[in-house]
Amino acid sequence: MSGYKRWLRSSSILSLIAASGAIAFLMAGCPIVPNDNSNTNTNTNTNDNTNDNSSNEEPKGDSGLTGAYIGSERCSLCHNNVHANWAETLHAGALETLEAIGQGKNSVCIGCHTVGFGQPGGFVDRATTNALAGVGCEACHGPARSHAENANDESLRPTINISASVCGTCHTDEHHPNFEDWSASKHAAVEPELVPRFAAGTSLGTCGKCHSGDYFYRAIIKGETVSDTLLSGKTSEEMNAITCAICHNPHAKTGNAAEPEDGRDYQLRFPQIAFTTPTNTIAAVQDGSRFNLCGQCHHARDRVWTDSSREPHPSDQVNVFFGEMPMPAAFPEPIVPSRASVHLNAPEQCSTCHVFRKPLEEGIAPAVSGHTFEVNFGGCVGCHGTEEIAEAKLAALEAEIEIRVERLRAALDAWSDTHSLEWEYTSEGGPNAAGQARIPAEIKKARYILYYVIAGGGNGAHNPDYVREGLQIAEELALTAPAPAP
Ligand code: HEC
Ligand code: HEC
Ligand code: HEC
Ligand code: HEC
Ligand code: HEC
Ligand code: HEC
Ligand code: HEC
Ligand code: HEC
Ligand code: HEC
């Protein structure tokens, strides 16, 4: 898989160069030259070109550094940790990447590989504005000389912005459409039902952990205590959902990627893969520390089969993947025996199927960044041989699951007809609290399994045998359920 991805990377370099009309000078698979801090002697007071110590390179200096931009080196005086971490990322060496393929002076390219190119005070060239080479601090935070020179003035501090538009200025267009793809995903907007609630200052503490990037950033990433009124009065456009900076650490290599290509890291905030023993307690199923990046939010909540008012939340994908289900404390025995997915060893777990990347198809279709998070059958090829085989397998499984669901629903309906009592949850048109109290445990278990494995099962793909067996057990329960209590 990693060899295949390396090929994708070099092929995208090729199309970029082709697009620029420049002479292709390509070192396929060549690792990015790391930013060598020892010779970036960026003393911001120099008026002359400061030649660096390497013999065969053009002069480097900062005589043109007189405007609103001041350069990342200066930030390190006070933000030493952030700077040291950032210096290790590919952002820091983004101009070297262009230089390595002879494109370091191509104006088509350098806008996204430097700070402020084309703007007053922004990057011009190595000789006059070397401190602005690469994707430096001010590429994301905006020009910050005034802040750096007046650090105590709160009104001049850069605002912290977790919006995807910060990254979208560069991670865009046909070569790397991360922004466009993300914008088309459900991660891009706060669930419409929740917008008015967050705006009214309610529900953020209970629902924000997974539905609000603003809440997730402060409460989970920064560990702050967050008031429910954080988003009061805001519109949907002003609220951040699951933005780039929620999954990615903008400042640091994290070592969390399962299979990074040479020199890469992806800067993921949480491990891309995690293995965990299935555990069926309410506390465990929603404990993010047991799960991978996606499982921080795509995990079950506290509803169990004994609940009557509404069905389980449709977010239990990671639990189905591991083959676990929350059980009430009074009945800890799992209804469906735990078993991990046949797909547990997919090299990037969820991302294998949901964050698949594809190269530009020579002017015909845009590149696929994987950031729609939709299933891409390209991710199945490594194990199933071809996309067609995987598609056919999935179609067969889906057909099987559909039949099992129909049989289960028929068994539940038959029970309802015989006893003149709806089997559904109250929220789904089922009986009220008094009626719910009469429904026997068998029916409650069966309907719980139905909702749980359908919401979390990925049409069966997340854990084929667990979903299959769950539906089988549910059907048996429904067929053997006793009459309702009087
Ligand atoms: C002379 C010291 C100094 C320098 C130089 C400096 N900063 Fe700061 N910066 C501060 C202080 C002090 C704060 C406030 C810290 C706090 O509230 O925790 C701050 C806060 C920030 C914040 C967060 C604002 C917030 O709302 O919390 C950002 C972003 C930031 N600086 C970026 C930069 C960048 C980019 C540079 C370089 C261009 C830079 N700083 C240079 C001292 C400095
Ligand atoms: C719109 C902004 C933008 C422009 C213009 C741009 N790049 Fe990039 N470039 C990026 C981004 C963003 C990445 C990181 C891609 C990723 O990791 O998904 C990148 C990555 C690269 C890489 C690393 C290999 C790769 O494909 O990930 C090379 C090489 C590169 N660019 C060359 C060029 C060349 C040559 C040009 C001019 C023809 C150019 N870029 C113009 C934004 C841009
Ligand atoms: C790729 C974009 C990007 C770059 C480059 C970047 N930042 Fe940030 N920075 C962000 C985002 C987004 C946040 C808010 C999310 C977070 O805190 O991780 C942030 C938060 C901060 C904060 C406040 C929170 C904290 O972590 O303390 C400071 C201070 C800061 N950045 C300073 C810097 C400095 C200094 C540099 C350069 C050495 C830099 N940033 C480079 C995007 C960036
Ligand atoms: C000024 C343009 C620019 C901005 C703004 C920008 N990036 Fe990048 N980003 C790049 C370029 C160019 C590269 C490729 C650098 C290289 O390969 O040399 C890159 C690479 C990356 C990578 C790949 C790192 C790796 O180790 O594989 C990630 C992840 C990334 N950016 C995330 C972000 C996020 C998140 C933001 C916003 C918080 C952001 N970027 C903002 C231009 C930008
Ligand atoms: C553990 C994380 C998590 C928490 C906490 C959470 N949700 Fe969700 N929710 C999700 C995920 C993930 C989805 C998307 C599932 C899918 O589309 O397959 C979702 C989907 C939804 C949907 C759309 C699907 C549907 O059922 O119609 C609504 C509405 C919703 N959640 C409301 C809420 C409310 C209200 C709260 C707070 C009481 C809440 N959620 C708390 C993770 C969570
Ligand atoms: C829900 C989590 C999530 C969000 C939100 C997200 N990413 Fe990613 N991103 C990932 C994962 C996972 C990978 C690693 C993919 C892989 O292993 O192939 C990745 C990889 C990347 C890479 C490096 C690989 C590449 O595409 O060349 C870049 C650059 C990147 N993301 C940029 C962004 C930007 C920009 C945004 C916002 C517009 C964003 N991401 C939003 C999860 C996320
Ligand atoms: C910070 C929380 C969070 C993280 C992390 C996260 N998601 Fe999501 N995801 C959500 C929420 C919330 C929704 C549903 C939004 C809605 O329906 O309004 C969602 C929706 C989705 C959907 C669309 C489901 C549908 O019904 O169409 C997919 C697919 C998805 N996420 C996959 C992933 C993958 C893969 C990852 C890891 C790379 C991931 N998510 C990481 C919160 C998250
Ligand atoms: C890490 C390797 C791996 C990847 C990647 C992978 N699979 Fe599988 N898959 C397996 C194994 C192993 C089995 C069990 C043996 C079999 O049925 O072929 C399996 C079984 C299946 C089944 C049959 C389940 C059943 O019992 O009926 C389906 C459907 C399926 N995979 C779909 C997919 C799809 C769709 C993708 C990509 C989106 C994919 N797989 C990616 C390894 C993988
Ligand atoms: C073997 C490939 C594969 C893996 C691995 C995988 N998924 Fe899926 N996922 C699917 C398929 C197939 C679907 C259903 C059909 C579709 O969306 O195209 C799906 C659907 C989803 C949905 C939409 C709601 C649903 O359940 O139908 C979400 C959300 C989701 N997956 C999240 C995840 C998360 C989180 C992980 C990791 C724990 C994961 N997926 C792992 C293949 C996979």
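The iron atom of ligand 4 is coordinated by two histidines, H91 through NE2 and H171 through NE2, at 2.0 Å. Donors here are N, O and S atoms within 2.8 Å of the metal (3.2 Å for Na, K and Ca), and water is not among the atoms, so sites may look incomplete. Before going on, please note that this is a predicted model, in which local features need pLDDT of at least 70 and side-chain atom pairs count only at pLDDT 80 or more, while totals for chains, interfaces and linings use all residues. Residues are numbered from 1 along each chain as its sequence is written, chains are lettered from A and ligands numbered from 1 in the order in which they are written, and side-chain values use heavy atoms, with hydrogens and water left out.

## The iron sites

Around the iron atom of ligand 4, the six donor atoms make angles of 86 to 179 degrees, and the site is octahedral. For six donors, that word requires opposite donors over 155 degrees apart and all others between 65 and 115 degrees. H91 sits in the loop between α3 (80–87) and α4, and H171 in the loop between α9 (165–168) and α10 (178–183), so this pair ties together parts that are 80 residues apart in sequence. Helices are DSSP runs (H or I, at least four residues), numbered from the N terminus.

Ligand 3 has its own histidine pair: H141 (NE2) and H251 (NE2) are the protein donors of its iron atom, lying 2.0 Å from it. The site is octahedral, with angles of 87 to 180 degrees among the six donor atoms. Because H141 belongs to helix α7 and H251 to the loop between α14 and α15, the pair ties together parts 110 residues apart in sequence.

| Iron atom of | Histidine | Relative accessible area and class |
|---|---|---|
| ligand 4 | H91 | 24%, partly exposed |
| ligand 4 | H171 | 35%, partly exposed |
| ligand 3 | H141 | 37%, partly exposed |
| ligand 3 | H251 | 29%, partly exposed |

Ligand 1 is surrounded by 15 residues, and the closest are C75, C78, H79, H147 and P158. A residue belongs to such a shell if one of its heavy atoms lies within 4 Å of the molecule. H79 has a polar side-chain atom 2.8 Å from a nitrogen atom of ligand 1, and H147 likewise has one 2.8 Å from a nitrogen atom of this ligand. The elements giving two or more residues to the shell are α2 (72–75), α7 (137–141) and α8 (145–149). Of these, α7 gives the most, with three residues. By class, the shell holds nine nonpolar, three polar and three charged residues.

Around ligand 8 there are 18 residues, with H343, C380, C383, H384 and K393 coming nearest. A polar side-chain atom of H343 is 2.8 Å from a nitrogen atom of ligand 8. Oxygen atoms of the ligand take part too: one is 2.2 Å from an N or O atom in the side chain of K393, and a polar side-chain atom of R468 lies 2.9 Å from an oxygen atom of ligand 8. Two or more residues of this shell come from each of α17, α18, α19 (387–419) and α22 (464–479). The most, three residues, come from α19.

## Aromatic pairs

The model contains seven aromatic pairs, counted where ring centres of Phe, Tyr or Trp (its six-membered ring) lie within 6.5 Å; planes under 30 degrees apart are stacked, over 60 edge-to-face and the rest tilted. F321 and F322 form an edge-to-face pair, 5.9 Å centre to centre with 70 degrees between the planes. F321 is buried at 8% relative accessibility, and F322 is buried at 2%. Ring pairs join F291, F321 and F322 into a cluster.

Notes
A polar contact is a pair of N or O atoms within 3.5 Å; within protein, one must be able to donate a hydrogen and the other to accept it, and residues adjacent in sequence count only if both atoms are side-chain atoms. Ala, Val, Leu, Ile, Met, Phe, Trp, Tyr, Cys and Pro count as nonpolar, Asp, Glu, Lys and Arg as charged, and the others, Gly among them, as polar. Buried means under 20% relative accessible area, exposed over 50%, partly exposed in between (1.4 Å probe, protein chains only). Four donors count as tetrahedral if all angles lie between 85 and 135 degrees; four count as square planar and six as octahedral if opposite donors are over 155 degrees apart and all others between 65 and 115; anything else is irregular.
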